[in-house]
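Welcome, and please open your viewer.

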Amino acid sequence: MTQYVIIGDGISGSSAAETLREEDPDAKITVITDEGEPLYNRILIKEHAKGKLPEAPISIHDEDWYEDRDIDLSLNTHVTSVDTEGKVVHTHDSGEIPYDKLLVATGGTPTQLPVENSDADGIHHFWTFEDARGIREHADEADRGVIVGAGLLGIDFAAVCGAQGIDADYLMRGDRWWRYALSAEGAEIMHEGMRSVGVEPVFDSGVDHFEVDDDGRVTAAVDPNGDRYECDFAGVAIGLSFNTEFLRGAGIEQDNGIVVDEYMQTNVDDIYAAGDLTQFHDVLLGEQAQNGSWGSAKEQGRVAAINMAADAEEEGFQWVSSYSITHFDFPFLSFGHPTRGDEHAERKYSDTEWRRIAFKDGKIVGGVLIGDLSPQSKFKQLMREQRVVADQAEVLLEQSVDLDELAPTQEQ
Amino acid sequence: MNMATSELQSRSVRPESAAVRLERVPSVPADATVRHVDQFETETLDAIYRAVTEDRPVSAAETDLEPGEVIVFTDYFRVERV
Ligand SMILES: Cc1cc2nc3c(=O)[nH]c(=O)nc-3n(C[C@H](O)[C@H](O)[C@H](O)COP(=O)(O)OP(=O)(O)OC[C@H]3O[C@@H](n4cnc5c(N)ncnc54)[C@H](O)[C@@H]3O)c2cc1C
């Protein structure tokens, strides 16, 4: 009987556990998490923090779910190290757990700003359901906010402030939100979205230090220009540090995350990784890449489990990831790797509609759609087909995209 | 709670003719099943987008939408059988 151990009960770990049980009915499966609750919907916790969604619908599994599938679930259990020679996982206070095959699905932890008073009361980071509960409670009574981190997670704090009636300043280091993927025209649509919910974007700013009162509560953020922004609530989302400390000395190759091939195998036999923390070989991009999205993490967990159960390179991970922002009147969708590639095409259609497509070697590798999502499935299809289309960008920038207008693919 | 349904559960089989539409709802009861739009595959996302922007029913057979559940998109939308 094979013993599978999965570290992490996020969507990648949980999806792997479910697939392993389907693929290997007799195996022993253990899922270890340092959180106090089983899998919940991490992409809905922002709705709870906004004060809009009750707790119950955010839960995905209860403990019976694991029991029904004969999966051992260890809650509140922190893995401290892995002995890859002895094939044993060491935990903080639940002893040792032996494995034949191990999946590392431990995701990341939000990075703290390296500035004075960044751990003051009232300064929030956002990753767990517990974080969301704390944010909701505090946001309910806060009046003035500061947000730091001009990316996909920072904007969730802007939405929380908007929904909870907190007037906020969104301090950005550059001249626009998500400058790596959006031009000024695209970003301005998002800035208008922020303003519409009472959040003011502040450019060429950031945080030099926070000020606190005698009780250690945040009272202001001071930016590198010396400008002072009063606040009793702050949200910081400047990036993730991947949870891999427990792998120190285990010989697993890392490069800002765990390096895996398309089968989710690390360089160490019988150790796999899945989810946010992987640096995986992206077969569509032809390079190493990283995804930070729910759908991708779920699929990586499934693919890892298929290969673990087969003890073979049975199925490769091939996926076009997408990530939406749903806080404004208009939709926003980022797909693939919009910040990668060697050329791009973009167009603005109206005050709320903009499109950008990123190409590498003439093939689409990602993009951003604001306002009009109608071409998303066509672009994803072209990505999967790896069609060379950069020379026909005009067709792709038509408001209504018709793939029949593309010249037939040439035999390579 | 939504524990009976699995994240991996495949779509249920419905008659070809069944259609659903999306009804904007102001709030969500505690016993509702709720999914974020990023939990859906490309085809269902297309259908959600069409249903919302064109305000018309979409075929349930082509999608992964479950009548009664709430979808978090640019607003909260309940999936209603037509
Ligand atoms: C606020 C927020 C909003 C988001 N919005 C979206 C969105 O709109 N769309 C989208 O696609 N994605 C979104 N994401 C990203 C998405 O949630 C992640 O990509 C996905 O959940 C990653 O899953 P995972 O299984 O890789 O990691 P995680 O969900 O982070 O799970 C890892 C688990 O491992 C546990 N763990 C870590 N170290 C140890 C250890 N040493 N021992 C034991 N357990 C450990 C952690 O506590 C955690 O439970 C959002 C994320 C957040 C935080």
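Start by selecting Glu343(A), which sits in strand β24 (residues 343-350) of chain A. Strands here are DSSP runs of E with at least two residues, helices are DSSP runs of H or I with at least four, and both are numbered from the N terminus. Glu343(A) is partly exposed, with a relative accessible area of 41%; buried means under 20%, exposed over 50%, and partly exposed in between, using a 1.4 Å probe and protein chains only.

Before moving on, a word on the model: it is predicted, local features need pLDDT of at least 70, side-chain atom pairs count only at pLDDT 80 or more, and totals for chains, interfaces and linings use all residues. Residues are numbered from 1 along each chain as its sequence is written, chains are lettered from A and ligands numbered from 1 in the order in which they are written, and side-chain values use heavy atoms, leaving out hydrogens and water.

Next, select the ligand, which lies between chains A and B. Which residues come nearest to the ligand? Of the 34 around it, they are Ser12(A), Asp34(A), Glu35(A), Asp276(A) and Asp38(B); a residue counts as near if one of its heavy atoms lies within 4 Å.

Zoom in on the side chain of Asp34(A), where an N or O atom is 2.5 Å from an oxygen atom of the ligand. In Glu35(A), a polar side-chain atom also lies 2.5 Å from a ligand oxygen. Polar contacts are pairs of N or O atoms within 3.5 Å.

Now show the whole shell around the ligand. Its residues divide into twelve nonpolar, 15 polar and seven charged. Strand β22(A) gives the largest share, three residues. Domain 1 (3-109 + 240-310) and domain 2 (112-236) of chain A both contribute to the shell, so the ligand lies between them; the domain bounds come from an automatic or database domain assignment.

For the last stop, select Cys161(A) and Cys231(A). How far apart are their sulfurs? The distance is 9.7 Å, too far for a bond; a disulfide is a pair of cysteine sulfur atoms within 2.5 Å. Cys161(A) is buried at 0% relative accessible area, and Cys231(A) is buried at 5%. Over all chains, the structure has zero disulfides.

How values were computed:
Polar contact = N/O pair within 3.5 Å; in protein donor to acceptor, adjacent residues only side chain to side chain. Nonpolar A, V, L, I, M, F, W, Y, C, P; charged D, E, K, R; others polar.
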